[in-house]
Amino acid sequence: TTATPSGSSFSMIVVAIWGMAGPVIKNTLHYFDPITFLTLRFFITSVVLVPLLLATQKSAVRALFRLTAKEWFVLVVCGLTGTTVQLLLLLWGFSLTSAIDGSLISATSPILSTLTGWWLLKEHITGRERLGVIIAFGGSIVAVLHPLLQTGKLFSGSLVGNLLIFLSNVAWVAYVILSKNQLRKHLSPLLVTTTNFFVGFLSMSLILVFTHSLPKVYYQLITHNFTVYFGVFYMAIVSGALAYFLYQKAQKSIETSEANVFIYLQPLFSTPLAYFWLHESISFHFLVSAVLISTGVILAGTKSRRHLL
């Protein structure tokens with residue numbers, strides 16, 4: 001499979017959207033806890049996507065009724081890993097670490113995606129890609145373990161946050177592989193995206209019911225200023241419905257390793273936003289990590305760029 005201009009363009013748009021998501025998440029978590037935030041986000045995304053799917057892809061909806069019990073199970077697991085599990089770990093991590101560090105670590109998911117795509121999907125990895133992955137992996141290790149090296153404390157808040165975000169990357173890889181498998185079964189990107197978020201909404205609603213006082217949640221929602229909801233709508237519509245759909249479109253035309261290598265570039269968008277908006281500092285360890293990861297991207301992305309020429 002070779003990269004197409006449309007596939008690479010979709011990937012770059014997704015990178016810009018998800019790159020800005022880290023600071024948006026960090027700011028919004030001042031007003032909502034992760035469970036409330038995600039439940040509201042998944043609800044809004046589902047409200048947007050479900051009617052759109054029913055109105056534009058009735059044949060795709062009918063394809064759901066032809067799935068076997070095993071295929072339904074895989075589709076539900078795909079939704080859980082791509083929304084509830086991955087994003088709950090991500091938001092929990094962001095609540096404990098900085099937006100700059102969190103965005104840098106979350107941008108290292110292509111390391112696992114590339115290796116898993118090569119191992120399970122038998123996708124080709126060139127020597128340059130392998131070298132790029134190794135260098136970028138070194139940069140991610142510096143980013144994740146910096147709090148431990150700096151303080152000597154294993155369970156400092158930021159280290160726990162960094163590790164949670166790294167675990168969210170593992171969940172993301174599971175989602176990438178499962179969703180790629182769903183697309184190979186000729187399910188449309190919009191159908192897979194809508195199903196994922198609807199499963200996420202149902203599962204997060206159950207978690208909310210058993211962990212929160214619903215009257216308190218309702219009071220919180222109606223008393224917040226409307227500007228507080230900017231982050232929720234950005235994550236629900238732009239980073240959720242739009243970005244996930246474009247990501248699935250990209251996966252249709254390029255390999256997993258090529259689609260995910262663009263994600264390394266997220267810090268190019270998240271760092272300036274976190275610095276100027278959230279007033280977070282840029283540390284030496286961040287610069288070291290960013291240089292290593294950028295070097296890995298240049299090497300690993302060579303194949304994608306060559307096919308575009």
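Predicted model: local features only at pLDDT ≥ 70, side-chain atom pairs only at ≥ 80, totals over all residues.
Residues are numbered from 1 along each chain as its sequence is written, and side-chain values use heavy atoms, with hydrogens and water left out.

His279 has a positive phi of about 60° although it is not a glycine. Most residues other than glycine have a negative phi. With 66% relative accessibility, His279 counts as exposed, where exposed means over 50% relative accessible area, buried means under 20%, and partly exposed lies in between, with a 1.4 Å probe and protein chains only.

The secondary structure of the protein comes to 15 helices and zero strands; helices (H or I, at least four residues) and strands (E, at least two) are DSSP runs, numbered from the N terminus. Of the 309 residues in the protein, buried residues make up 55%. Among contacts between residues at least 6 apart in sequence, 88% join residues at least 24 apart, a contact being heavy atoms within 4.5 Å.

Helix α5 is mostly covered, since eight of its eight residues are buried, and Gly102 and Ser103 are among them. Helix α5 (residues 99–106) packs with helix α13 (residues 267–277) at an angle of about 175°, and their axes are 9 Å apart; axes are lines fitted to C-alpha atoms, for helices over the stretch in contact, and angles run from 0 to 180 degrees between N-to-C directions. That angle makes α5 roughly antiparallel to α13, because angles over 145 degrees count as roughly antiparallel, those under 35 as roughly parallel, 65 to 115 as roughly perpendicular and the rest as oblique. On the α5 side the contact is made by Ala99, Ile100, Ser103 and Leu104, and on the α13 side by Pro267, Ser270, Thr271 and Ala274. These residues divide into five nonpolar, three polar and no charged, where Ala, Val, Leu, Ile, Met, Phe, Trp, Tyr, Cys and Pro count as nonpolar, Asp, Glu, Lys and Arg as charged, and the others, Gly among them, as polar.

Leu163 lies in helix α8 and, at 37% relative accessibility, counts as partly exposed.

The largest cavity has a volume of about 280 Å³. Of the 20 residues that line this cavity, the closest to its centre are Trp18, Gln86, Leu90, Ser106 and Gln266, and the elements giving two or more residues to the lining include α5 and α8. By class, the lining has ten nonpolar, nine polar and one charged residues. On a 1 Å grid over the protein atoms alone, a cavity is a set of points where a 1.4 Å probe fits but cannot get out, a pocket is an open set with protein on both sides within 12 Å along at least five of seven lines, and lining residues have an atom within 4 Å of a point. Grid points are joined across faces, edges and corners, and a volume is the space filled by probe spheres set on the points.

The largest pocket holds about 240 Å³ of space, and α9 (189–211) supplies the largest share of its lining, five residues.
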